[in-house]
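Hi everyone, thanks for making time this morning. I'd like to walk you through one model, so please have a look at it first.

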Amino acid sequence: MAQVPIAMWEMQLAFAIGLLGIYVGWRGTIARMTGFYDLSGAVKTLLFGLVAGVLAASAIDALILANIREASVNIFEVSLIALVIGMAESAFALFLLGRPRTVGLRASAPFGWTLGLGFGAMRSAHLNVRIFDPNVWEGTTGFDPFNIILACAITLTACIGHASIASWQGSRIIEHKRARTFFTSALVRAILILSTVLAVFNPFILALIAPAVIWSWFPAHSHWLLSGMTPAAAQAYRRTLRSSPRHELAAVERVRGESVFEEE
């Protein structure tokens, strides 16, 4: 029987941290949009992202991480491989988000966000296993508190990064600009892939890409995710957001009565 690279409970923790990125990425605007788009379709797209993310993670591990570990390729060759994988991901996203039914529902952007969360969750889960494996790179990998924090950081970076890219692609599909997004999104994906993989060997590399990922959260939630809404739906959505704090405040300040117990 083949031996797993780390203890089973450590591997389960690595994947749990990866899946936690889906929960974090579902907060904010996407969670408030329930009722304004097809939630079942978003979950289905998330599952597509999980499956495709497994395939992408396996390719990245075999073609990039393993070669870097063995020092068998240079940075140019690794960058080229990452670009090819990024192009494959971009093509898959354009195909999935550009289907007539999805475009007809104007749901390409929110579906792109959930697709990216699936991509990022599986990619980061795979990288987390490598981070916890002390045999991958002496001095940086292994199961310790610092690498648990690093795994969480990589998970958030991969999930939010992939979700923002796919959401941007979806918003451009609504604007009939599919071809223009292909190479740009593929290049950004390649940078995200290289940064997260190299962070396994040098954690400080993650700081180079983290500010851009943090920045992408804001246009994604203020513009890209809302780009598919009709004017009437956008107006209703803003009205719902304005009324939510009042409803929460009323629930907190509501005077509650006392329980009455009667004997029969």
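**Charges and rings inside a helical protein**

By buried I mean under 20% relative accessible area, while exposed is over 50% and partly exposed is in between, with a 1.4 Å probe and protein chains only.

A quick word on the ground rules. This is a predicted model, in which local features need pLDDT of at least 70 and side-chain atom pairs count only at pLDDT 80 or more, while totals for chains, interfaces and linings use all residues. Residues are numbered from 1 along each chain as its sequence is written, and side-chain values use heavy atoms, with hydrogens and water left out.

Now the overall picture. The protein has 10 helices and zero strands; these are DSSP runs numbered from the N terminus, with helices (H or I) of at least four residues and strands (E) of at least two. Of the 264 residues, 47% are buried. Taking contacts with a separation of 6 or more, 80% are between residues 24 or more positions apart, where contact means heavy atoms within 4.5 Å.

Back to Arg-189, then. Which residue forms a salt bridge with Arg-189? The partner is Glu-89, and the closest N and O atoms are 3.5 Å apart. Glu-89 lies in helix H4 and Arg-189 in helix H8 (residues 178-201), so this pair ties together parts that are 100 residues apart in sequence. Glu-89 is buried as well, at 3% relative accessible area. For the record, a salt bridge here is a side-chain nitrogen of Lys or Arg within 4 Å of a carboxyl oxygen of Asp or Glu.

The whole structure holds four salt bridges. Another one joins Asp-61 and Arg-130, with the closest N and O atoms 2.9 Å apart. Asp-61 is in helix H3 (residues 39-70) and Arg-130 in helix H6, so the pair connects parts that are 69 residues apart in sequence. Are these two buried or exposed? Both Asp-61 and Arg-130 are buried.

Compare that with Lys-177 and Glu-175, whose salt bridge has its closest N and O atoms 3.8 Å apart. Lys-177 is partly exposed at 32% relative accessibility, and Glu-175 is partly exposed at 31%. Through shared partners, Arg-172, Glu-175 and Lys-177 form one network.

On to the rings. There are six aromatic pairs: rings of Phe, Tyr and Trp (its six-membered ring) pair if their centres lie within 6.5 Å, and planes under 30 degrees apart count as stacked, over 60 as edge-to-face and the rest as tilted. Among them is Phe-92 with Phe-119, edge-to-face at 6.3 Å centre to centre and 85 degrees between the planes. Phe-92 sits in helix H4 (residues 75-97) and Phe-119 in helix H6 (residues 108-132), 27 residues apart. Phe-92 is partly exposed at 25%, whereas Phe-119 is buried at 2%.

Phe-132 and Phe-143 are also edge-to-face, with centres 5.0 Å apart and planes at 80 degrees. Phe-132 lies in helix H6 and Phe-143 in the loop between H6 and helix H7 (145-174), so parts 11 residues apart in sequence are tied together. Phe-132 is buried at 0%, while Phe-143 is partly exposed at 30%. Ring pairs bring Trp-9 into a cluster with these two, Phe-132 and Phe-143.

That's my tour, and I'm happy to take questions!
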